[in-house]
Structure formats: structure tokens, C-alpha cells
Amino acid sequence: MGQLITFIVYITISYVLVWIQLYGQTKWLWVENNIHWFMYCLSVPVAYMLTKGTMMAYSYFQGSAWAVTFISFAVNIFIFALMNYFVNGEGINMKTGTCLMLCMAVICIQAFWK
């Protein structure tokens, strides 16, 4: 279970950084003015955490790439929604909330259904 939690922490951090890489230029002038250097500096830690986390999860799920992919996708959707909510002030409506609940169901199915 420790590998699974570490995987989720790694991909959560990396998806926050990816969100900042992709949408930071629309929010912060400094990022927009320094986008190339900013992207290069964040690319190495993002790639490392995604690769290391995926290796851990792949081992935890005994070679099931599907489980790793589904959990990674669902966590990415959560991070995207939370970052848009807290940074951009975009609300979470009924449709988005339903999708987030479905993402939670995907994570629970993959993590706990043996």
C-alpha cells in the first residue's frame, strides 16, 4: 500500500507542476515572459516523478498497465479541477462534481478491487 500512496503523491505533485506549466502563462505575467526557461526547469522533476511513480505503481499492481493508467487519469482530472477551482476561481458545477465522483470510483475500483 505504501507504493500506491507514494505513486499518488508523485503524480499529484507532477500534475500540479504540469498544470502550472500549461496554464500558468495565462495567470501569471512572470511565467508568460519566461515560459521557455520555466518549462525547461519544470520538465525534469515532472518527468522524474511520473516515471518513478509509474514504476512503483506498475510493480504494486503486478504488471497491470491498465490500473496505473486509470488511476493516473483520475488523479489528473482531480488536480485539474482543484487547480482551476483554487487558482482560476472556476466553480465546480453538478456535471463536474459528477465526473469527479466517477473519478473517485475509478480510483477505488483500481486500488481496492482484487
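Start with the contacts of the whole chain. Of those with a separation of 6 or more, 72% join residues 24 or more positions apart. This is a predicted model. The protein chain holds 5 helices and 0 strands. Read from the N terminus, the order of elements is α-α-α-α-α. The C-alpha trace spans about 50 × 35 × 20 Å along its principal axes. Of the 114 residues in the protein chain, 31% are buried.

Now the part in question. Helix α1 covers residues 2-27, and helix α4 covers residues 65-86. Their axes lie 9 Å apart. The packing angle is about 50°. The crossing of α1 past α4 is right-handed.

Which residues in α1 meet α4? They are L4, F7, I8, I11, T12, Y15, V16, W19, I20 and Y23. On the α4 side the contact uses V68, I71, S72, V75, N76, I79, F80, M83 and N84. By class, the contact of α1 with α4 has 15 nonpolar residues, 4 polar residues and no charged residues.

I71 touches L4, F7, I8 and I11, among other residues. Its contacts also include F61, I107, Q110 and A111. That list leaves out residues up to four places away in sequence.

I71 also stands out in the largest nonpolar core, which has 26 residues. L4, F7, F61, I71 and V75 touch the most other members of this core. The elements giving two or more residues to the core are α1, α3 (35-60), α4 and α5 (94-112). As background, nonpolar side chains tend to be buried together in soluble globular proteins.

Next, the partner α3. The axes of α1 and α3 come within 8 Å. They cross at roughly 155°. That angle makes α1 roughly antiparallel to α3, since the cut-off for that label is over 145 degrees. The crossing of α1 past α3 is left-handed, whereas α1 passes α4 in a right-handed crossing. The contact of α1 with α3 has 19 nonpolar, 9 polar and 1 charged residues.

S14 is found in α1. Is S14 buried or exposed? Its relative accessible area is 0%. Buried means under 20%, so S14 is buried. Apart from neighbours within four places in sequence, S14 is in contact with V46, M49 and L50.

C41 lies in helix α3. Its relative accessibility is 56%. Exposed means over 50%, so C41 counts as exposed. C41 and Q21 are 20 residues apart along the chain. Their C-alpha atoms are separated by 10.0 Å.

Y23 lies in helix α1. With 31% relative accessibility, Y23 counts as partly exposed. Y23 is among the α1 residues that meet α4. Y23 and V87 are 64 residues apart in sequence. In space they are 9.9 Å apart, C-alpha to C-alpha.

Notes. Residues numbered from 1 in each chain as written. Predicted model: local features only at pLDDT ≥ 70, side-chain atom pairs only at ≥ 80, totals over all residues. Heavy atoms only, no water. Axes fitted to C-alpha atoms, helices over the stretch in contact; angles between N-to-C directions. Helix = DSSP H or I, 4+ residues; strand = E, 2+ residues; numbered from the N terminus. Left-handed = near helix turned anticlockwise from the far one by under 90°. Contact = heavy atoms within 4.5 Å. Nonpolar A, V, L, I, M, F, W, Y, C, P; charged D, E, K, R; others polar. Buried < 20%, exposed > 50% of the residue type's maximum accessible area, 1.4 Å probe, protein only. Core = buried A, V, L, I, M, F, W, Y, C linked by side-chain atoms within 4.5 Å. Parallel < 35°, antiparallel > 145°, perpendicular 65-115°, else oblique.
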